[in-house]
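This report is meant for a reader meeting the structure for the first time. Please look over the sequence and the structure before going on to the sections below.

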Amino acid sequence: MRNQKLLLFCARATTFDRRHKRAASLFKFSLPLHTLSDTNHGGNANIYYYNRTIDYLTKHGSLDSAVTLFDEMTNRDAITWNIMISGYYRRGFPKHSLSLYSEMVSQGISENPSTFSTVLSMCSCARFFEQGLVVHCRAVVLGLSTNTYICSAVIDLYMRIGLVDIALRLLSTLQDRNLATWNLVFRGLCEMGRSREMLCVYNYMKSDDLEPNGLTFCYLIRGCGYERFLDQGMQLHGCVIKKGLVNSNLFVANALVDFYSACGIFTDTRKSFEVIPTEDVISWNSMVSVCASNGYSFEALEFYHRMHFWDKKPSACSFLAFLKLSSATKDVSFGKKIHCCVLKLCLQSVLIQSALIDMYGKCGDIESSVGVFNGVSQRTLECCNSLMTSLLRFGLTEDVIDLFGLMVDEKIGYDEVSLSSTLKAISLPLSCSCALLHSCTIKSGFESDNAVACSLIDAYSKSGEIEFSRQIFNKLPSPNVFCFTSIISALAQNGIGKECIEMLDGMIRNGLEPDRVTFLSVLMGCNHSGLVEEARLLFHSMQTRFGVYPDRQHYSCMVDLLGRAGLLEEAEELVKDTSWEGDSVIWSSVLRSCRVHQNERVGKRAAEILMGLETDNPSGLLQASNFYSDIGDFEMMKYCREIGAARRIRMEIGQSSIEVRGSL
């Protein structure tokens, strides 16, 4: 019975809808002149009925009929022009709308606030910024610039242009500021990613005793997500809970999901997600993204399948997260499946292509990485950078340099990532190569970029041009930890240990905390300069003063330093007190120092341990054999060589390169 009533209602509704459409259609095309020409009213009443008819026609899709009626009118007022201007704009003809406004002004029709509000909004949305500024000037001349609606439209115009200071100045001078005007400012700041300023403006708005609505909180929460302002976003979360907007406003609820996803907080993202009715969820892609970013591959796939069940289309955001997960886990099989999904859905954006190249490179499939790059319709800077880092990861330095040349030849351009990667590729740099890339850096304005500066410092130090490394570092306006570490490493490689310590002190005075790599670089400098006492003090202060626990590399460097200084017993004790007692590299360093200082007692123990650790390594056996030869124990020397011959161990011949008159 209930179903029958429902069907009867639907049938009546359909009949009514059809009749209504027919009547509207007849009205559209038969009303204009037949009705209005017979009116006995005066001129003003006649214009009034014309305006109503034109407004009806423009709102119901009969723009041509409205234009015909407009052209046939002998008298028009500002409202008539306003209706036609907004009608053209509403139907997607902003240029016609602007042309009509110009005609209105040329005919001497004075604009009213509605005219300016409509035209300024149109100039903002259609990006007719130059014309919008002219309209603003005309509003000022006519004394209408202080009108709330006009000023709001002007503020929106300046926000879209990017002149935030002018927009905020206009906002501060506006007397009747309403919530809609504030929301225009919040939208502009949010779209520009100026979240910190947006929060300051929000505090300023609260002094006007205005209550924010759901749209306000959507902009604020989204802005906090852009900048990862977790504390401020959680405070806003508390505000929307108090106002009851989480359960009543779907856009606010979904904005919270996007916010926690952007901050990488899986638990809170899921809690915010579960509050929303499943059929109303907009933020499926955010859930997939946060699950994949946190390594929850099973949950990410579950949400992806649920998204398909509810007929929600996955965006590039989801696939980017999946590709990132594949890169982190080195799961190339999973990455290939995502690649297939991307191809089926025709998601060929620059970000997707770049992520695919990067994923294959990190998973060790450089052929597929190059294949994706060769298959792109247009080579972009992002794709070139991804391939460049992949090639660098495989040690294909010549290909990296060739790719940089290709980017220049094809006018693709380059950025700080391209320059930094190419500089790292110069493992055996010629000074002319460094100078060439340095000049490119200066011309492109990336000289003060910290990442590029670090690569330049490293490249010049490898070619022995330490003075250039110093100059680049000294020109940096605000060097960070990585910049200090790079110059310390450069000084250490060139045996300038005392200056390494001075740089470390300067870094600490600047309020920067040294990390493991920084300490390792300073210890290397002390090692090459023979600064034993300074190295001891630094090694012990790492943990006690800075809370940095020494790892294998720090111990290896310290053992090598003590061995070079002839303090072999102390070096041996240091090795035995660590968890790296079974490290062959450390014992190899001890044995090498024993040969130099002719310490037979410690050398025998080191050789015995080294032979037990590196049974298949030719360098360990050769080193032990040479040690026994030095001390005259030819039986042990013969024994070492017989082991090597029995296992068919062969030494690889090393190669060295030097620069002579600009050539290798």
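## Gly87 and its surroundings

When neighbours up to four places away in sequence are left out, Gly87 touches Thr58 and Leu63. The model is a predicted one, and in it the C-alpha atoms of Gly87 and Leu63 are separated by 7.3 Å, although the two residues lie 24 residues apart along the chain.

Gly87 is part of helix H5, which covers residues 78-90. Its relative accessibility is 0%, which is under 20%, and Gly87 therefore counts as buried.

## Confidence in the model

Over the protein chain the pLDDT averages 81, and 87% of the residues score at least 70. Where pLDDT is low, the predicted coordinates should not be read in detail.

In soluble globular proteins, nonpolar side chains tend to be buried together. The largest nonpolar core of this model has 115 residues, and the members that touch the most other members are Phe322, Phe473, Leu523, Val590 and Tyr628. Helix H30, made of residues 481-493, supplies the largest share of this core, with 8 residues.

## A buried aspartate

Asp156 is found in helix H9, which runs over residues 148-161. The relative accessible area of Asp156 is 8%, and because this is under 20%, the residue is classed as buried. Beyond the residues up to four places away in sequence, Asp156 touches Ser124, Leu184 and Arg187.

## A nonpolar patch on the surface

Which residues form a nonpolar patch on the surface? The patch is formed by Leu250, Phe251 and Ile282, and together these residues have about 310 Å² of accessible area.

Of these, Leu250 belongs to helix H16, which covers residues 250-262. With a relative accessible area of 34%, Leu250 falls between the limits of 20% and 50%, and so Leu250 is described as partly exposed.

Methods:
Residues are numbered from 1 along each chain as its sequence is written. This is a predicted model: local features need pLDDT of at least 70, side-chain atom pairs count only at pLDDT 80 or more; totals for chains, interfaces and linings use all residues. Side-chain values use heavy atoms; hydrogens and water are left out. Helices (H or I, at least four residues) and strands (E, at least two) are DSSP runs, numbered from the N terminus. Buried means under 20% relative accessible area, exposed over 50%, partly exposed in between (1.4 Å probe, protein chains only). Contact means heavy atoms within 4.5 Å. pLDDT is the predictor's confidence in each residue, from 0 to 100. A nonpolar core is a set of buried Ala, Val, Leu, Ile, Met, Phe, Trp, Tyr and Cys residues joined through side-chain atoms within 4.5 Å. Patches are made of residues with over 30% relative accessible area and no salt bridge: like charges are joined within 9 Å, nonpolar side chains (Val, Leu, Ile, Met, Phe, Trp, Tyr) within 5 Å. Accessible areas come from the Shrake-Rupley method with a 1.4 Å probe; for residues, only the protein chains shown count as cover. A salt bridge is a side-chain nitrogen of Lys or Arg within 4 Å of a carboxyl oxygen of Asp or Glu.
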